[in-house]
Amino acid sequence: MALVFDHVSYTYAPLTKRQIKEGQEQLWALEDISFEIEDGEFLAIAGHTGSGKSTLVLHLNGVMNPTKGKVLWNGQDLADKKVADQARGDIGVVFQYPEHQLFAATVYEDIAFGPRNLGLSADEVEERVKEGLELVELDYDVFKDRSPFELSGGQQRRVAFAGVLAMRPTTLVLDEPVAGLDPASRNDFLDLINKLHERGITIVMVSHNMNDIARLADRVLVLNGGKIAGFGTPEEVFSHAAKLREIGLGVPDAQLMANELREMGLPLEERLYSPERLANAVAALLEGR
Amino acid sequence: MISFENVTFTYTDEEHNVLEDISVEIPQGQFVCVLGANGSGKSTFSKLINALLLPDSGTVMVDGLETSNSENTFAIRSRAGSVFQNPDDQIVASLVENDVAFGPENLGIPNPELRQRVENALAQVGLTGFEKRETTALSGGQKQRVAIAGVLAMEPQILIFDEASAMLDVRGRRGLMRVCKELNAQGMTVVMITHYMEEAAEADRVLVLREGSIVLDGTPEEVLTQDAVLRELNLDVPFATHLSRLLQDRGVDIPTYVDQDSLKEALWHWYSTT
């Protein structure tokens, strides 16, 4: 259990004594969040804009500390600066549009920045850069000396990923990793993330694409108004379609259609969130008549 | 009417043509979606319509006005307005009403009419009552609608959306699509550059670009059911098309649909009559 949220609440604007005396209610960006991230799992975090997703992500490696409660990394409190420093290599965070954070003159220098700050030797740094590029499937000899700014958007994002992977994280936190990519690069990227997961890296992915979540995640945490509105396997979470719609989230296309067909009177089972499963169920239904 | 005749375009630092000999006509009032992978030239296509870019050869005409003639630029831009991907790049004022008034005010529209235009434009995008709101305090979808209102206040005939929904969530996208459909129903031409197949399924016509050429042109039913071609072009396939195919593979005898409601009705019909 590398990461544990224990009754975490966070506010961007704590009330002053006077406001409390006047009886104002505290607004929480996160309110009483408790859950555990299991080693090696693929956890998706879903929620409408403003639901607290990004605030939660910033708690995952100690960039933000809870106003109340604790985030524990291997049993240690991430609010302790020393612990947070240690955790930062272990928990890699890739923010939205990470290519905006590329800065160095060459791909090599950009990826080497993190490992170098760990105080590694030149040989070790080179090793890490090679490893990072290999993991994102970019050829080391072709890309190492190129300027990151001459690359395509998809390649830039891969380089930004490589920089995080070069720190050898055991947990990778991805905030909307495929936002703004075209369908082809989006699929390539999701495959890449899935491969990293299969290598044993724990993945925490913020997304509002329910089709992607249905395809990849082991579990889904749904946030609404800073609180947990649902937590479980995609099957469990997506069976509550009406509740998800209420909080501005969709369900996967297949699940939506299955629900609507059921409402029209087709006796379909409740958990049909992939197109293949829905097609099987409908075909079986029609064959049986 | 928008017409492209043998249009070729290259950015100065590119070796190959971004658009290659494009000829197409879009009649007034049509709702056209333009699809294509990154680098297919679809964004360039949209920028050629209102003279943000000019063709290297061939002609682009908007309501009989040629874009390459700089005397026409002003008239063309007041006829054809664009909304882009990032709403934050398009908002210029701190109050909603000032932002929407920015364009027509620069045209020198005097006050009773100016006020009326702002009011109408905000009503058209469903933001009546937002006049005094601060633009920075709006959601992405609301900002995008303010950007559209700013274009509408110019009273254009043609609206161009260049991946305008790409940064919005599901709710924002649906709201934007609803606004587009309503404006189109009032007679406005809509040219929508998008990656979302669900948006394309609702258009009158779908154009698909590959490497600067139009490779498919037809109704959503004609274009979006060609799933093999779409996959080859690195595009998504609409969910209804994908599911139709899966059902056909499993021996269900139904046509290939592009929109979910039609597929749903067909399945219901099939189930209740067999």
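Two residues are in contact here if their C-beta atoms, placed from the backbone, lie within 7 Å. Keep that in mind as we walk through this structure, which is a predicted model. Take chain A and look at contacts between residues at least 6 apart in sequence: 66% of them join residues at least 24 apart. In chain B, with contacts picked out at that sequence separation of at least 6, the share joining residues at least 24 apart is 62%.

Let's stay with chain A for a moment. Its chain of 289 residues has 42% that count as buried. You can pick out 13 helices and 10 strands in chain A. If you draw a box around the C-alpha atoms of chain A along the principal axes, you get roughly 70 × 60 × 30 Å.

Is A:Lys70 buried, exposed or partly exposed? It counts as partly exposed, because it has 15 C-beta neighbours inside 10 Å, while a buried residue needs 20 or more and an exposed one has 12 or fewer. Setting aside the neighbours within four places in sequence, A:Lys70 is in contact with A:Asp6, A:Asp77 and A:Ala79.

Now over to chain B. This chain has 11 helices and 10 strands, and buried residues make up 44% of its 274 residues. The C-alpha atoms of chain B fill a box of roughly 65 × 45 × 30 Å along the principal axes. How does the radius of gyration of chain B sit with that of a compact globule? It agrees, because a compact globule with 274 residues would have a radius of gyration near 19 Å, and chain B has 20 Å.

For some local detail in chain B, look at helix α3 (residues 96-106) and helix α5 (residues 140-152) of chain B. They pack at an angle of about 35°, with their axes 7 Å apart, and the crossing of α3(B) and α5(B) is right-handed. From α3(B), B:Val96, B:Asp99, B:Val100, B:Phe102 and B:Gly103 take part, meeting B:Val146, B:Ala149 and B:Gly150 in α5(B). Sorted by class, that contact has 5 nonpolar, 2 polar and 1 charged residues.

Next, see where the two chains touch. The contact takes 25 residues from chain A and 27 residues from chain B. On the side of chain A that touches chain B, α8 (183-198), α12 (253-264) and α13 (275-287) of chain A each supply at least two residues. Which of the helices gives the most to that side? That's α13(A), with 9 residues. By class, the side of chain A that touches chain B has 13 nonpolar, 7 polar and 5 charged residues.

Last, a word on confidence. The model scores ipTM 0.71 and pTM 0.74. Chain B averages a pLDDT of 90, and 99% of the residues score at least 70. Within chain B, confidence is highest in strand β3 (residues 31-35), at 96, and lowest in helix α6 (residues 170-185), at a mean of 84.

Notes
Residues are numbered from 1 along each chain as its sequence is written. Chains are lettered from A and ligands numbered from 1 in the order in which they are written. This is a predicted model: local features need pLDDT of at least 70, side-chain atom pairs count only at pLDDT 80 or more; totals for chains, interfaces and linings use all residues. Axes are lines fitted to C-alpha atoms, for helices over the stretch in contact, and angles run from 0 to 180 degrees between N-to-C directions. Helices (H or I, at least four residues) and strands (E, at least two) are DSSP runs, numbered from the N terminus. A crossing is left-handed if the near helix is turned anticlockwise from the far one by less than a right angle, and right-handed if clockwise. Ala, Val, Leu, Ile, Met, Phe, Trp, Tyr, Cys and Pro count as nonpolar, Asp, Glu, Lys and Arg as charged, and the others, Gly among them, as polar. pLDDT is the predictor's confidence in each residue, from 0 to 100. The radius of gyration is taken over C-alpha atoms; the globule rule is 2.2 Å times the number of residues to the power 0.38.
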